[in-house]
Amino acid sequence: LANKKFHPEPTIVKVGNALIGGKDLVIMSGPCAVESREQLFETAHAIKKAGAQILRGGAYKPRTSPYAFQGLEEEGLKFMKEAREETGLAVVCEVTSLAAIEAAVKYVDMLQIGARNMQNFYLLKEAGKTGLPVLLKRGLSATIDEWLNAAEYIIAEGNPNVVLCERGIRTFETATRNTLDISAVPVIKSKSHLPIIVDPSHASGVRGYVKPLSRSAIAVGADGLMIETHPNPAIALSDGPQSLTFPQFEELCDELRPLAALM
Ligand code: PEP
Ligand code: MN
C-alpha cells in the first residue's frame with residue numbers, strides 16, 4: 001500500500017489548510033514540549049507570522065530519562081486546540097500510548113508517532129484506526145524498508161494519510177545528535193508515493209546546523225520541514241540546544257522561501 005509500484009501518483013495529505021506533498025513546502029514548528037499556555041501561544045503567533053502552517057508541540061514526551069519532564073498530557077492537548085482556534089494553524093502532537101491517542105483525537109489535526117515508537121505495531125494500528133493524518137518519524141536505527149513497513153501498518157487500517165519524517169539515524173558519528181540521512185528523501189520518493197518531510201532539529205541537535213540542513217532538505221525534494229522553536233531556548237524543558245529563537249526562525253523562513261519556490 002505504501003509502494004509506488006501499485007500507486008504511482010504522489011499522495012497529498014491534508015492537515016488543516018496545509019497540503020503536504022503538494023507543490024508548496026509545508027513548515028511545521030513549535031516547542032519540543034508544551035510547557036504552558038503562554039509559551040505555546042507565544043510560539044504559535046510567532047511561527048504563524050514567520051509563515052509556518054502547522055504548530056507542533058509535545059504533550060506526551062518520550063524522554064530518555066524517567067526523571068526528565070514528561071509532558072503536560074491532556075492539559076497540553078487542550079492548549080494545542082486553543083492555539084489552533086486562536087491562530088487557525090493546524091496542530092500535531094506525538095502520541096505514545098492508546099490513552100494518549102484517545103485523548104489526542106479530541107484536540108489535534110494530526111498524530112505523530114515518534115522515532116522510539118516507529119515499530120510499536122499496536123500503536124501504529126491504533127493510530128491508523130483514528131483516520132487522522134499520521135506523521136511517522138523514522139526509528140533511531142530503522143532501515144527505509146522497516147520504516148515503509150511501519151507506514152504499511154497504518155495504511156492497512158484504511159488510513160492512507162501518512163507523512164514520513166526523516167529525523168536522523170544513529171551512526172558512529174558523535175558531532176551531531178543523530179546523522180541526517182538526506183538520501184532517505186530521494187530513496188523514499190523512488191519507492192513510495194507518500195510525502196516526506198525532514199526534521200533537522202532532532203537530526204542535528206544543534207541550533208546552528210538547522211539552517212544548512214533545511215536548505216539541503218529542500219534541495220533533495222522534501223515536502224516539508226519540522227523545526228523546533230522556543231520563546232527562550234535557554235530555559236526550555238526539553239531540546240533547548242536545538243531550538244531556534246523566533247527571530248532565527250523568521251530569518252530561516254525568509255531565506256528558505258525563494259529556495260523552495262525554485263524547486
Ligand atoms: C519530537 O518530535 O519532539 C521527538 C521526540 O522526536 P523523535 O521522535 O524524532 O526523537
Ligand atoms: Mn524534541
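The model is a predicted one, in which local features need pLDDT of at least 70, side-chain atom pairs count only at pLDDT 80 or more, and totals for chains, interfaces and linings use all residues. Residues are numbered from 1 along each chain as its sequence is written, while chains are lettered from A and ligands numbered from 1 in the order in which they are written.

Helix α8 (residues 207–219) packs against helix α9 (residues 246–262) at an angle of about 20 degrees, and their axes lie 10 Å apart. The two are therefore roughly parallel to each other (angles under 35 degrees). On the α8 side K211, S214, R215 and I218 meet L252, L256, L259 and A260 of α9, contact requiring C-beta atoms, placed from the backbone, within 7 Å. Five nonpolar, one polar and two charged residues make up this contact.

A52 sits in the loop between α1 (37–50) and β4 (54–56). A52 counts as buried because it has 28 C-beta neighbours inside 10 Å, the cut-off being 20 or more. Leaving aside residues up to four places away in sequence, A52 touches I27, M28, S29 and I47. G30 is 22 residues from A52 in sequence, with 9.5 Å between their C-alpha atoms.

Definitions and conventions. Axes are lines fitted to C-alpha atoms, for helices over the stretch in contact, and angles run from 0 to 180 degrees between N-to-C directions. Helices (H or I, at least four residues) and strands (E, at least two) are DSSP runs, numbered from the N terminus. Angles under 35 degrees count as roughly parallel, over 145 as roughly antiparallel, 65 to 115 as roughly perpendicular and the rest as oblique. Two residues are in contact if their C-beta atoms, placed from the backbone, lie within 7 Å. Ala, Val, Leu, Ile, Met, Phe, Trp, Tyr, Cys and Pro count as nonpolar, Asp, Glu, Lys and Arg as charged, and the others, Gly among them, as polar. A residue is buried if 20 or more other C-beta atoms lie within 10 Å of its own, exposed if 12 or fewer, and partly exposed in between; C-beta atoms are placed from the backbone.
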